[in-house]
Amino acid sequence: MFSVQVRPASDAAVLQLRGELDVESVVQLDEAADTALAAQPPPRLVVVNCAFLSFCDSSGIGGFVRLYQRLAAQQGQLRLAAAPAAVAKVFSLTGLDGVIAIHTSAEDALADSCDVRDRVVDAGSGTSVGERGAA
């Protein structure tokens, strides 16, 4: 079973995922994205909270990419929060962690004012570990 809750947060929206994100349930992610982006004014930031995401296949990753592309077209940002290690690893292997930041919590993702290109993400834990180029 999969579910998505959409919660507005000032000029942002938080999508709370629960369950297994796969080829059958990714439609629900797309519909939740439609709902979040239809708000007036549209959010400049969307945080996808993955704390209760138990599984994500390539269809789910594709859903994240589609949401990222929609937000980028509007000069918005997508951030993931509390991504399970397996999801964070896929983001690292594909290089998506270079364009979509992964934070330890939704609160951290909402509070972070840094651009993802300035951060390095530890794929094992899914946590932001510092700035690129820092020794």
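Mentor: From the N terminus on, the protein chain runs β-β-α-β-α-β-α-β-α-β-β, which gives four helices and seven strands. Helices (H or I, at least four residues) and strands (E, at least two) are DSSP runs, numbered from the N terminus. A word on the source: this is a predicted model, where local features need pLDDT of at least 70 and side-chain atom pairs count only at pLDDT 80 or more, while totals for chains, interfaces and linings use all residues. Residues are numbered from 1 along each chain as its sequence is written, and side-chain values use heavy atoms, with hydrogens and water left out.

Now for the setting of your cysteines. Of the 135 residues in the protein chain, 44% are buried, where buried means under 20% relative accessible area, exposed over 50% and partly exposed in between (1.4 Å probe, protein chains only). Taking contacts (heavy atoms within 4.5 Å) between residues at least 6 apart in sequence, 60% join residues at least 24 apart.

On to the cysteines themselves. The structure holds zero disulfides, a disulfide being a pair of cysteine sulfur atoms within 2.5 Å. Cys50 is in no disulfide, and its nearest cysteine sulfur, 7.4 Å away, is that of Cys56. Cys50 has 0% relative accessibility, so it counts as buried. Cys56 is likewise in no disulfide, with the sulfur of Cys50 as its nearest cysteine sulfur at 7.4 Å. Cys56 is buried too, with a relative accessible area of 17%.
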